[in-house]
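Q: I would like to learn how the contacts between chains in an assembly are read. Could we begin with the terms and then turn to the case at hand?

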Number of protein chains: 8
Amino acid sequence: MTRETIEKLLSEVKDGNLTVNQALEHFRDFGSKDLGYANIDTHRELRTGYPEVIYGQGKTPDQVAGIIEFMLTRPHNILATRINEETYLKVLEICPEAVYNKIARTITILRKEIPVPSSFISIITAGTSDLPVAEEAAVTAEIFGNRVERVVDVGVAGIHRLYGKLPFIRQARVHVVVAGMEGALPSIVAGLVDKPVIAVPTSVGYGASFGGLSALLGMLTSCASGISVVNIDNGFGAGFLASMINRL
Amino acid sequence: MTRETIEKLLSEVKDGNLTVNQALEHFRDFGSKDLGYANIDTHRELRTGYPEVIYGQGKTPDQVAGIIEFMLTRPHNILATRINEETYLKVLEICPEAVYNKIARTITILRKEIPVPSSFISIITAGTSDLPVAEEAAVTAEIFGNRVERVVDVGVAGIHRLYGKLPFIRQARVHVVVAGMEGALPSIVAGLVDKPVIAVPTSVGYGASFGGLSALLGMLTSCASGISVVNIDNGFGAGFLASMINRL
Amino acid sequence: MTRETIEKLLSEVKDGNLTVNQALEHFRDFGSKDLGYANIDTHRELRTGYPEVIYGQGKTPDQVAGIIEFMLTRPHNILATRINEETYLKVLEICPEAVYNKIARTITILRKEIPVPSSFISIITAGTSDLPVAEEAAVTAEIFGNRVERVVDVGVAGIHRLYGKLPFIRQARVHVVVAGMEGALPSIVAGLVDKPVIAVPTSVGYGASFGGLSALLGMLTSCASGISVVNIDNGFGAGFLASMINRL
Amino acid sequence: MTRETIEKLLSEVKDGNLTVNQALEHFRDFGSKDLGYANIDTHRELRTGYPEVIYGQGKTPDQVAGIIEFMLTRPHNILATRINEETYLKVLEICPEAVYNKIARTITILRKEIPVPSSFISIITAGTSDLPVAEEAAVTAEIFGNRVERVVDVGVAGIHRLYGKLPFIRQARVHVVVAGMEGALPSIVAGLVDKPVIAVPTSVGYGASFGGLSALLGMLTSCASGISVVNIDNGFGAGFLASMINRL
Amino acid sequence: MTRETIEKLLSEVKDGNLTVNQALEHFRDFGSKDLGYANIDTHRELRTGYPEVIYGQGKTPDQVAGIIEFMLTRPHNILATRINEETYLKVLEICPEAVYNKIARTITILRKEIPVPSSFISIITAGTSDLPVAEEAAVTAEIFGNRVERVVDVGVAGIHRLYGKLPFIRQARVHVVVAGMEGALPSIVAGLVDKPVIAVPTSVGYGASFGGLSALLGMLTSCASGISVVNIDNGFGAGFLASMINRL
Amino acid sequence: MTRETIEKLLSEVKDGNLTVNQALEHFRDFGSKDLGYANIDTHRELRTGYPEVIYGQGKTPDQVAGIIEFMLTRPHNILATRINEETYLKVLEICPEAVYNKIARTITILRKEIPVPSSFISIITAGTSDLPVAEEAAVTAEIFGNRVERVVDVGVAGIHRLYGKLPFIRQARVHVVVAGMEGALPSIVAGLVDKPVIAVPTSVGYGASFGGLSALLGMLTSCASGISVVNIDNGFGAGFLASMINRL
Amino acid sequence: MTRETIEKLLSEVKDGNLTVNQALEHFRDFGSKDLGYANIDTHRELRTGYPEVIYGQGKTPDQVAGIIEFMLTRPHNILATRINEETYLKVLEICPEAVYNKIARTITILRKEIPVPSSFISIITAGTSDLPVAEEAAVTAEIFGNRVERVVDVGVAGIHRLYGKLPFIRQARVHVVVAGMEGALPSIVAGLVDKPVIAVPTSVGYGASFGGLSALLGMLTSCASGISVVNIDNGFGAGFLASMINRL
Amino acid sequence: MTRETIEKLLSEVKDGNLTVNQALEHFRDFGSKDLGYANIDTHRELRTGYPEVIYGQGKTPDQVAGIIEFMLTRPHNILATRINEETYLKVLEICPEAVYNKIARTITILRKEIPVPSSFISIITAGTSDLPVAEEAAVTAEIFGNRVERVVDVGVAGIHRLYGKLPFIRQARVHVVVAGMEGALPSIVAGLVDKPVIAVPTSVGYGASFGGLSALLGMLTSCASGISVVNIDNGFGAGFLASMINRL
């Protein structure tokens with residue numbers, strides 16, 4: 001609740017336009033909708049500039065569909081991540097225009113156009129196996145109104161593949177770099193560009209990769225500057241943050 | 001074996017009401033029933049105020065049913081946790097009034113009324129995916145004679161949802177706060193209430209959540225006071241302890 | 001800020017006793033005092049029933065003394081933990097009645113009497129080396145108005161030592177059990193009493209103790225019920241929570 | 001290769017009963033049989049007093065059957081551990097007298113009687129879920145010629161169950177104590193008996209049990225004396241070592 | 001080496017202004033100065049927009065002074081981090097205008113004015129003990145031409161302290177949030193603002209903090225969006241990235 | 001891009017055989033083929049002496065087949081690792097001469113003969129369960145033109161089995177030693193030979209093996225000299241490096 | 001408290017030799033002496049065959065001396081471990097015949113002769129740096145009445161050094177094998193002897209030794225049979241257990 | 001003991017030049033010298049081609065000097081690693097020509113010339129702080145008869161510094177690459193050269209570096225081929241192995 005809202009409420013109380021009890025109502029349960037199993041943060045777009053996003057993991061198909069059903073009563077674009085096909089079919093029943101991205105495992109429902117800035121986001125992957133995470137980042141950034149350019153499979157074992165794309169990459173306003181195994185690619189990229197690098201470790205690899213831990217630690221301890229890191233496999237978080245920076 | 005019991009035994013021996021050998025019998029195998037695969041602690045309610053609870057994981061359906069069959073010979077309410085549907089069907093054969101809670105994965109068998117104090121326990125979850133653990137806590141607290149109030153999906157990404165419920169939450173005598181991922185909600189709650197907070201980390205999350213480890217560590221290192229922590233996903237332990245405190 | 005406060009503010013605005021701007025002032029910076037390097041939560045006693053406590057680690061002697069100097073302008077008892085002797089000497093300069101407990105490494109300044117309930121807290125240690133952590137818990141509970149009874153060095157290698165004290169221990173309203181190494185004592189105690197057990201792992205031990213990790217994990221995974229756990233060596237947290245429960 | 005063997009070889013060479021080349025042959029490939037996928041240590045019984053045991057995990061049914069087929073050409077009793085039912089059926093084809101223990105997941109083939117000492121091994125479990133590991137230990141100790149006595153489900157949450165069996169337990173020559181979760185039982189037992197305790201952590205538990213890690217660390221850091229530890233779920237290792245000690 | 005540089009070289013070769021061998025020289029050792037123990041990246045400002053920064057840890061006073069001596073031959077501002085007082089005294093000998101920040105443990109040498117944008121960076125700390133890391137971030141951001149506003153000690157145990165400053169915080173273009181222990185503050189902030197949040201875990205805490213690991217994991221697994229994380233105690237990295245974003 | 005290539009380009013520009021723009025083209029995208037989902041490093045053989053190898057994990061059958069289809073347009077031998085049977089069937093459709101090794105889980109396609117040096121590589125396993133990893137190493141070394149000799153199941157529990165083969169093993173030019181569990185075999189071998197030992201930890205084992213971690217740590221901390229380690233289960237990496245050393 | 005003691009008490013009560021209250025006294029505080037900071041288990045020798053041992057770490061010199069002072073009132077031999085020189089000097093004041101072993105860091109006070117069995121314990125170390133831990137084991141075994149034979153520095157990098165001593169080692173009744181780094185020596189020994197092997201990991205090593213963790217894991221996952229493990233650097237525990245086995 | 005030695009012994013026994021007992025003597029204690037605290041492997045050069053090296057950590061100055069004193073009775077060059085200045089002074093007393101390298105912390109004593117092959121070893125470091133580890137590798141390789149070329153401070157934050165040296169680096173026969181933090185440099189180098197890369201993680205870094213763990217994991221999971229890894233900070237191991245490969 002912002003200072004402005006409080007100020008307005010106080011003024012209306014003072015002017016007698018609102019009784020104390022009416023004003024009090026604004027302080028209870030504002031900005032959320034309780035569905036029993038979920039409590040939707042309807043206030044989020046006002047507060048953070050972005051509507052609430054549905055994180056599908058650990059939710060039943062019915063729960064996801066129920067949340068989307070409520071969100072359809074409001075004008076925002078809708079994004080749901082970590083969605084399996086069973087859940088998608090359930091959502092289709094209540095919303096035939098829902099689009100499923102099989103690689104990214106996302107549902108998107110476009111309800112209004114968002115102006116897209118001319119600057120773009122580069123999303124770079126070290127290997128082919130990193131594609132699902134990169135795609136989640138791309139879908140996220142796109143539905144929030146950004147142009148995304150993908151650069152695929154340019155990992156450090158053949159670093160000249162990155163060099164070939166560098167002039168193009170350097171035109172982006174922010175970079176998302178997705179890598180598993182040793183996770184060295186973000187360090188290399190950050191040493192070559194002058195824009196923020198969002199590093200996304202992936203659980204790609206085996207043995208001492210420990211489910212993405214080696215990539216995560218490598219990115220956190222990078223000797224290059226201008227890098228920050230999100231959770232392992234968190235394509236959504238990277239795409240969201242990239243959008244935030246690209247649209248500054 | 002309490003001092004009082006020993007005192008009484010000694011007195012009866014002294015008075016000749018009991019031979020030495022008869023008295024000795026009370027010192028062997030008292031308070032337990034050996035089923036071969038399990039050794040039921042029939043002495044527990046006297047000792048700790050609560051009857052033994054069946055932890056279902058790692059037990060076969062036959063073993064769970066066998067233990068319940070024995071416990072039905074005694075007057076206590078019965079609670080079994082971590083029960084799958086196959087086991088429940090087996091139990092139904094010997095006890096048709098057994099109730100299965102599918103979300104909490106518990107069996108409860110109500111055999112006697114327990115007086116419920118007027119104070120209540122609040123059980124608060126950060127997200128929808130934390131519901132199964134919260135429900136295990138709620139079922140546990142209820143069968144041990146407590147009023148439980150649930151507050152769902154008020155995690156820190158939209159903390160005003162918690163604020164909306166705060167006046168109500170503050171009326172509870174003890175709080176169970178269930179959260180996965182970064183596990184920050186118990187810290188927030190403990191900074192706002194004046195009653196004990198039992199924090200339950202859940203395995204909800206992915207990547208650097210490491211199966212609930214991040215939430216666990218976050219709760220243990222909380223900068224707020226009045227918090228203690230139980231094992232990851234241990235809804236039963238939290239509900240049990242909350243009952244103990246609520247009924248003090 | 002409670003609902004009641006808001007209600008009162010709104011009423012005064014409505015009645016013209018407060019201008020909007022005056023009321024607005026109450027929404028900025030209430031309940032805290034900014035010292036530049038610290039922001040003291042003066043609102044905490046109202047909100048949680050306990051005044052703010054000073055955590056000394058990582059603070060310079062000057063910072064600790066400065067915070068205490070401000071707190072002396074208010075009527076509460078003062079507790080500072082993790083205090084070394086250099087800091088204590090600094091504090092003595094501004095507050096000669098400050099008391100230093102060398103084992104617990106605490107400063108206490110008694111400013112007002114707090115009524116002590118008749119029930120008491122038992123603080124039990126597994127070994128002699130666990131004493132400093134237990135003493136921190138005891139000092140904390142005492143300054144917040146509790147009777148504390150200490151039971152020392154009754155670890156599981158000679159468990160009859162615990163049995164000897166059991167009838168006395170069982171009279172407490174809540175138990176704090178402090179143990180390092182394998183941390184088994186809280187499990188044993190919880191299996192023998194009918195009141196909440198707060199388990200405190202200590203960093204006592206070597207090798208596979210890993211700085212208290214083995215005791216911590218052992219306590220979290222206890223097969224006994226009625227236990228919850230605080231951070232390694234967190235005597236303060238245990239004493240605070242025990243006080244909260246004892247004074248329910 | 002023992003000193004005695006070498007001495008005999010040297011004497012025969014000296015006496016001309018063996019040519020140098022014949023003697024040399026004894027230094028290559030003695031005491032093993034190469035099956036291509038396995039290299040059976042036929043020398044082990046002479047060297048360590050026990051024949052080689054087949055560890056079934058990671059071996060195909062054909063490999064296990066092939067190894068057993070070879071071992072049947074020799075007079076020893078045969079033990080195979082970590083055997084699933086598919087493998088057992090394969091073994092039955094070549095050896096109809098093979099016995100499968102479903103709980104312990106072992107195959108045993110008795111080929112000769114081993115004299116059993118009068119002393120016995122106690123195998124104690126904390127809970128019902130620890131039975132498979134305990135049974136693996138029992139089967140192992142039995143086939144190597146030992147009397148085993150099982151004491152089941154006497155964990156620390158109801159420690160009087162252990163006390164009831166203590167006079168009997170104390171008659172054993174060596175104890176195997178099997179426990180998951182916090183793994184406290186071996187500490188308790190070791191504090192009450194005067195014989196070696198072999199502690200076996202199990203992967204029973206969830207959350208902060210981390211697959212048996214908490215029990216393992218608890219046993220390693222035990223404050224009691226006379227305990228040593230084997231790998232998580234290693235019933236075989238415990239049974240083997242107990243046999244070695246019982247038969248000293 | 002940018003495309004433009006190559007293009008220019010190629011053109012000069014084509015025009016005969018450069019021989020092939022002369023041009024080749026530009027491809028060897030360009031953009032670095034080898035001091036024997038260090039290889040200074042003089043090309044970095046052109047490539048990434050920022051000059052090389054000296055990381056002092058693990059370098060002798062002589063090495064740090066030697067690197068600074070070389071950098072003084074060039075016109076950039078100079079920043080050295082993780083500097084102890086001994087090293088600072090050594091540097092003073094060759095550069096009397098070097099400024100040492102004792103809290104941040106940095107040396108700064110201002111050589112030219114950098115235009116400062118009107119937008120600002122907020123640097124927020126959870127506690128007093130987080131100040132050194134926050135100060136390193138602030139010094140870094142300032143020398144790279146940014147206005148920084150500090151908000152101190154507003155951790156989640158008394159979250160209303162944050163709320164009091166929120167209207168001001170919300171005016172920043174990017175946020176650096178520094179916290180140890182459970183590291184929950186960045187999640188709270190990110191749920192309340194609409195600009196990027198750079199989370200910095202600190203090693204403040206004890207026990208299950210494991211040197212900052214708990215804060216790190218908590219930040220990585222945050223349920224809020226718009227957060228990314230840098231290494232534990234990496235104030236420099238956060239200040240650098242914040243500058244990059246603020247100056248976009 | 002080597003110095004020679006640049007030199008030649010520069011010369012051609014100088015001589016007017018190439019325009020600047022034509023030459024520039026050589027600096028973009030040289031040595032790789034972009035398939036959309038993969039970016040094949042066609043430059044690798046020139047640069048490192050070995051063609052790119054396909055790592056199958058995390059790639060769809062279609063992706064693997066597509067990459068192989070492209071590689072068939074070039075003359076190199078082809079190796080794909082971590083291939084399941086479904087993928088193999090897909091590859092068979094486009095390349096009937098592809099050979100699948102079921103144990104090693106590799107596809108090999110022999111397109112040209114490579115001269116094999118007279119020296120050989122020994123590949124030694126501690127147990128039968130280590131065979132798949134050893135076989136991946138063997139297939140890799142063979143397709144890159146090496147003679148491989150396998151020594152199977154000579155682990156330290158019966159170390160005389162190793163001694164029997166030692167004279168033969170000592171004739172190899174480089175050793176690959178594959179072991180799970182405690183991973184002690186490479187230490188033993190390295191203490192007995194005078195050639196490099198490449199140690200490969202495997203995920204064979206259970207409990208405190210932690211998926212190969214115990215073997216990995218054991219090999220890294222070996223007290224013997226001449227050992228280096230590759231990732232857990234990384235038979236390919238060991239075979240590749242052994243080939244590199246054998247062919248020096 | 002054994003069954004016999006209870007039986008005797010009951011008989012005396014029955015015969016009127018003891019009043020109920022007198023008998024009750026035997027059930028409180030038997031077998032321990034409370035010194036305020038320590039609670040000495042005077043009952044232990046009766047119960048486990050061994051008197052209590054003083055673990056010096058975390059105890060002040062005064063506490064150690066106080067405990068020894070009490071123990072001198074009883075007839076047992078005294079052993080204190082992890083003792084620094086300052087503590088030793090304090091103990092000397094009250095007990096001039098106390099002997100300090102500088103390498104093992106133990107105090108021993110011989111008060112009575114214990115008959116020594118003819119069988120002996122071998123204590124074997126992998127390297128010179130393992131000597132302090134081995135010496136703690138040796139001192140412990142010796143004061144409890146055992147012959148100890150030391151075999152030093154026969155680690156796996158030169159395994160023939162072990163073979164040279166093997167005929168002698170094989171005459172021992174139980175083996176203590178002490179090793180750091182990869183901890184492979186116990187596996188080798190266990191594969192060559194027919195008696196129990198107690199493995200002691202040491203914190204000798206660096207890097208991936210992680211304070212003894214690599215040796216610990218290696219010993220726990222040993223592929224040899226007849227091994228069990230004690231805590232890192234726990235020479236006392238190994239010596240104690242070896243004595244228990246040797247004196248069976 | 002090689003086959004040849006055994007053959008010769010057998011022949012001499014056969015020919016009567018050796019009695020059986022005389023021959024037997026060769027099978028006991030051959031190839032080692034027992035100093036009480038150390039058991040020097042005098043047989044190692046014959047067996048592995050290299051004399052024993054003294055690892056100084058955990059040894060007293062007297063022990064190191066004693067071992068060197070014995071080794072001076074033999075003709076080999078002597079290398080001792082992890083030596084502090086106090087130990088060096090002790091060694092100087094018995095061997096004035098001992099040379100101390102302060103950065104590498106090694107003692108070398110040159111006793112005979114070793115022929116140096118024409119090929120060389122490149123030792124490459126990511127940063128200035130990696131120099132001590134690199135120097136230990138260099139000293140080791142040099143005393144075993146190799147030419148070493150050092151390339152310093154070419155880490156991935158400014159990767160063009162590596163490119164500048166690449167043509168020279170590519171002439172080496174084997175590469176040692178030393179890096180802390182994220183440890184990405186070996187991956188880059190291995191992608192650019194056609195010779196074996198020995199990766200050495202260092203403990204340089206802070207926070208999520210966890211004492212070199214992040215670099216270690218990054219190197220183990222490298223996506224490039226031709227890399228193997230030694231222990232954290234193990235310059236000696238890398239230099240030793242590089243020598244072995246260079247001298248193949």
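A: Buried area is the accessible area, taken with a 1.4 Å probe, that two parts lose on being put together, summed over both. This is a predicted model, in which local features need pLDDT of at least 70 and side-chain atom pairs count only at pLDDT 80 or more, while totals for chains, interfaces and linings use all residues. Residues are numbered from 1 along each chain as its sequence is written, chains are lettered from A and ligands numbered from 1 in the order in which they are written, and side-chain values use heavy atoms, with hydrogens and water left out.

Q: How much area do chain B and chain C bury between them?
A: The size of an interface is often given as the accessible area lost when the parts come together. Here chain B and chain C bury about 2700 Å², with 65% of it on carbon and sulfur atoms, and 30 residues of chain B are in contact (heavy atoms within 4.5 Å) with 30 residues of chain C.

Q: Which elements of chain B give two or more residues to the side that touches chain C?
A: Elements are DSSP runs, helices being H or I of at least four residues and strands E of at least two, numbered from the N terminus. In chain B they are α3 (44-48), α9 (213-220), β11 (227-229) and α10 (235-246), and α10(B) gives the largest share, five residues.

Q: Which chains does chain A not touch?
A: Chain A does not touch chain D, their nearest C-alpha atoms being 15 Å apart, and no contact joins chain A and chain G, whose closest C-alpha atoms lie 13 Å apart.
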